[in-house]
Every structure is written in C-alpha cells, then in structure tokens.
Amino acid sequence: MRLSDSARMREADAAAIAAGVDSLTLMENAAEAFADEMERIAGEAAEAFAPTAAGECSVGDERAAFTAGTEKTAAILCGAGNNGGDGFAAAHILKKRGWSV
C-alpha cells in the first residue's frame, strides 16, 4: 500500500476535480478502496490464525484460540471535514458487505 501526506492528497483531489471527477465519486472510490483493503487484511489475519486440528493456531512463537467464522468487526472513527465523509462511506460499504460496524 502506498501512503501519501495530506498536502499531496489535496493536490490529487484538486487535479481529479479539475479533470471532471466529482467529489462524491472521489469519496465513493476512497471508501471502496478502504473497504477492499480491510477485507484483504482480515483475510490474511484469518489465514494466519487458522486453527490446527487441535483448535489452536500458531503465529511465530505465539499460540492463541481462534473461533472459525468469527464475525468481522470494524470501528471507523470519523471527524469533521471531508475525511469524515470518507469514513462514513467506508462504514456503509463494510456494513453492506456483512461487517459489524
């Protein structure tokens, strides 16, 4: 995943809007990308913690209990401003995908 600072993101948003992409589409795209990344990370975590025949899992030297089919849960913290809207949109998408948000 590639990260950017807020100044570069503002520039990218402004360039996209100048090119004719509306801000709602930008928000929806950001929310979809976030939800996709959350699902990718959750999938990797589920694989890493997949139980053995004895019902245990192993990650490095750690062992932990794991319940198959554990509900996917996310807490999305939204502040004021445009990024808050992205967060609410991402929460909505995850909820539609069956997550507890």
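In what follows, Ala, Val, Leu, Ile, Met, Phe, Trp, Tyr, Cys and Pro count as nonpolar, Asp, Glu, Lys and Arg as charged, and the others, Gly among them, as polar. The model is predicted, so local features need pLDDT of at least 70 and side-chain atom pairs count only at pLDDT 80 or more, while totals for chains, interfaces and linings use all residues. Residues are numbered from 1 along each chain as its sequence is written, and side-chain values use heavy atoms, with hydrogens and water left out.

By class, 14 nonpolar, 6 polar and 5 charged residues make up the lining of the largest pocket. A pocket is here an open set of points on a 1 Å grid over the protein atoms alone, where a 1.4 Å probe fits, with protein on both sides within 12 Å along at least five of seven lines; lining residues have an atom within 4 Å of a point. H2 gives the largest share of this lining, 9 residues; helices are DSSP runs (H or I, at least four residues), numbered from the N terminus.

Turning to charged pairs, the whole structure holds 5 salt bridges (a side-chain nitrogen of Lys or Arg within 4 Å of a carboxyl oxygen of Asp or Glu). One of them joins arginine 97 to glutamate 32 at 2.8 Å, N to O. Arginine 97 lies in the segment after H3 and glutamate 32 in helix H2, so this pair ties together parts 65 residues apart in sequence. Arginine 97 also meets aspartate 36 (2.9 Å, N to O) and glutamate 39 (3.1 Å, N to O). Glu32, Asp36, Glu39, Lys72 and Arg97 are linked in a network of salt bridges.

How values were computed:
Helix = DSSP H or I, 4+ residues; strand = E, 2+ residues; numbered from the N terminus.
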